[in-house]
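Colleague: Hi! Could you walk me through this one? I'm new to reading structures.

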Amino acid sequence: AVRVFSEFGGVAETETDAAGRLLIMALTVEQLRTKLKLYGSKSLKPNFLLQLSQTLEELRSACVSSHTLRNKLPDLSGVLAVKMEELALLLDGYAAVCANLGKSSETRLSRLLMALAENPVFSEGRHFHFYGFTDFNGLELEIIRQLLEDGAEVFLYLLCDKMYTTKQQFATAAHTARSLYRMGQQSGIGVKVTEDDPQAEEDPF
């Protein structure tokens, strides 16, 4: 991320620290209190605000927007529908409070994705190697997709015996391998699967 920002701008931008995020979350809940049935009835204690902030961060990391949540509302009912609508309100409200304070609600990874999308020349012809991961969240997967679509060669190293393993200890990594393989196929990008064991000729990973 630092290299992308240094070439195309963004190094000077800093993310809001934990205390700042807590304050923004408190302002968001306070402004939306009359519209919140579930979350509005909660106290503004730091633990509650921290949990709520982490929930919103997880949604953003999974590329789940307020629009995504609202599209699911017709399929839901009861408390779950109320919760979904309120999370959508909170996502929008948090972004609005950030904007009013002159802050960005974007995370480092979301800024990286936008920078890559706006500057495809950065990825073209380059090689990227990813080690030590067992899985990727939605935002990380979109970054990998962007690199591939911009002409980069991406090498991902996952520790599992087979792509369709029956061993529980490899289940997460194998699921990630299958997701990446499908992503490549859906994007029309060539995918090559290899394994370290030269005697295994059939099942990848």
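Modeller: Happy to! This is a predicted model, and read along the sequence the protein chain goes α-α-α-α-α-α-β-α-β-α.

Colleague: How many helices and strands does the protein chain have?

Modeller: There are eight helices and two strands in the protein chain.

Colleague: Okay, pick two helices for me. How do H3 and H5 cross?

Modeller: Helix H3 covers residues 46-61 and helix H5 covers residues 78-100; their axes come within 11 Å and cross at roughly 90°. An angle from 65 to 115 degrees counts as roughly perpendicular, so H3 is roughly perpendicular to H5.

Colleague: Nice. Which residues make that contact?

Modeller: From H3 you have Leu-52, Thr-55, Leu-56, Leu-59 and Arg-60. H5 brings Leu-87, Leu-90, Leu-91 and Tyr-94.

Colleague: And what kinds of residues are they, nonpolar, polar or charged?

Modeller: In the contact of H3 with H5, seven are nonpolar, one is polar and one is charged.

Colleague: Switching topic: what box do the C-alpha atoms fill?

Modeller: Taken along the principal axes, the box is roughly 65 × 45 × 30 Å.

Colleague: What share of the residues is buried?

Modeller: Of the 205 residues in the protein chain, 36% are buried.

Colleague: Last one: what share of contacts joins residues at least 24 apart?

Modeller: If you take the protein chain's contacts between residues at least 6 apart in sequence, 68% of them join residues at least 24 apart.

Technical notes
Residues are numbered from 1 along each chain as its sequence is written. This is a predicted model: local features need pLDDT of at least 70, side-chain atom pairs count only at pLDDT 80 or more; totals for chains, interfaces and linings use all residues. Side-chain values use heavy atoms; hydrogens and water are left out. Axes are lines fitted to C-alpha atoms, for helices over the stretch in contact, and angles run from 0 to 180 degrees between N-to-C directions. Helices (H or I, at least four residues) and strands (E, at least two) are DSSP runs, numbered from the N terminus. Angles under 35 degrees count as roughly parallel, over 145 as roughly antiparallel, 65 to 115 as roughly perpendicular and the rest as oblique. Contact means heavy atoms within 4.5 Å. Ala, Val, Leu, Ile, Met, Phe, Trp, Tyr, Cys and Pro count as nonpolar, Asp, Glu, Lys and Arg as charged, and the others, Gly among them, as polar. Buried means under 20% relative accessible area, exposed over 50%, partly exposed in between (1.4 Å probe, protein chains only).
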